[in-house]
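Let's take a walk through this structure together, stopping at a few places along the way. Have the sequence and the 3D view at hand.

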Amino acid sequence: MAKKFYVVWQGRAPGIYRDWNSCKQQVDKFAGAKYKSFLSLQDAEEAFKTGRSSGSAAKKAIGGGRSLKSTSRSSTAKGVKTYTAAEIAQMPIDVKIYTDGGCDPNPGKAGSGMAVYRNESLESLWYGCYNPAGTNNTAELNALNQAFMLAQTESDAGQSVAVFCDSKYAIQCITQWAIGWQKKGWTKTGGEIKNLSLIQEMFERYQAIKNKVQVLHVNGHVGVEGNELADRMSMVAIQLKECAFTRYQEEMNISQILSLRAG
C-alpha cells in the first residue's frame, strides 16, 4: 500500500500527519473537521499552505483499511461544542488565546480582555476597547476581534493557534450566521443585524484565518484559568476606561489577578 500523508485544515491541531492514527486523533468527533489524504508530501504541503484540495476538503480520509466519516455539518445546522479545561489541556497547540467581554450594567460601561498562552505558559494579558455606552455582546465581539488579529500574526509565523471564547453569540455571529447574512446583502429576516459594522470587519478577518485557526467555545466562570484572566482584564478595561487595546504591564501574579473584581 502506498504511503499517504494527511492534511488537517480544521481539527484539534491543524497540520500534516504521516500516519492515519495521528490524523484520526485530530479529527475524530471534532465538529467541522476538514482533512484529506495525499499520495505525496509535496502535494500535502501545497494543499495545507493554500488551504485548498481537489474536491471537498471535508472528505473521508482513508488509511490502513479504515475510514472515518467527516464530522462536518452545515453551518446552519451545527451548534457550538463547549470544551472543558481538561480537553483544552490535551490540545497540542502552540498559542492559545482566551477572550472575554464585560459590561456593567448591560448596556453600560463595557470592556474587553484577552489572555495569551504560549506552549501552555501565560505569556501576556491585554485589556481595552472601553465603551461607556456598550453592551456585553459588543464587548465579547471586540475581544474576539483582537484575538483574530493576534491569531493571524501567529499563524502567519507558522504557529498553531486556537482562540477560546465564552460567548456563543460572538462565535456563531462570525463563523456561522455571517455567512448567510452576507449572501443576503448583510440583512436578516426579522430585523436589523446588531453590531453590523464590527461583524463585517471580523468576518473578513475570519475568512483569512479560518483554515488555520480554531475558534472554540469554553464556559465562563467554571475555573478555566485563561478565561478567568481574560474576564479580569475586561474589568480592568472598565476600571481604567482604556479605549486602546493595551498590554497589562503589572506583575502577572495569577492568583493576585484572579482576586480582582470578576465580570
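A salt bridge here is a side-chain nitrogen of Lys or Arg within 4 Å of a carboxyl oxygen of Asp or Glu. Before we use that, a word on what you are looking at: this is a predicted model, in which local features need pLDDT of at least 70 and side-chain atom pairs count only at pLDDT 80 or more, while totals for chains, interfaces and linings use all residues. Residues are numbered from 1 along each chain as its sequence is written, and side-chain values use heavy atoms, with hydrogens and water left out.

How many salt bridges does a search of the whole structure find? The search gives 9. One of them joins E120 to K96, with the closest N and O atoms 2.8 Å apart. This pair links distant parts of the chain, 24 residues apart: E120 sits in the loop between β7 (108–118) and β8 (121–134), and K96 belongs to strand β6 (residues 95–104). Helices (H or I, at least four residues) and strands (E, at least two) are DSSP runs, numbered from the N terminus. For exposure, buried means under 20% relative accessible area, exposed over 50%, and partly exposed in between (1.4 Å probe, protein chains only). E120 has 46% relative accessibility, so it counts as partly exposed, whereas K96, at 2%, counts as buried.

Strand β6 also holds D104, whose partner R261 lies in the segment after α8 (254–258), so this pair ties together parts that are 157 residues apart in sequence.

Now turn to R232 and D231, which form a salt bridge with their closest N and O atoms 2.9 Å apart. Are these residues buried or exposed? R232 is buried, with a relative accessible area of 9%, and D231 is buried at 2%. Elsewhere, salt bridges that share partners join R118, E123 and E154 into one network.

Next come the helices. Two packed helices are described by the angle between their axes and the distance between the axes. The axes of helix α5 (residues 168–183) and helix α6 (residues 196–209) come within 10 Å and cross at roughly 90°. Axes are lines fitted to C-alpha atoms, for helices over the stretch in contact, and angles run from 0 to 180 degrees between N-to-C directions. Angles under 35 degrees count as roughly parallel, over 145 as roughly antiparallel, 65 to 115 as roughly perpendicular and the rest as oblique; α5 and α6 are therefore roughly perpendicular to each other. Their contact (heavy atoms within 4.5 Å) involves residues including Y169, C173 and W181 of α5, and I199, M202, F203 and Y206 of α6.

Our last stop is H217, found in strand β10 (residues 213–217). H217 is buried, with a relative accessible area of 3%. Leaving aside neighbours within four places in sequence, H217 is in contact with several residues, among them V80, Y83, C165, D166 and I171.

Finally, look at E250, placed in the loop between β11 (246–247) and α8. E250 is exposed, with a relative accessible area of 54%. E250 and L125 are 125 residues apart in sequence and 9.6 Å apart in space, C-alpha to C-alpha.
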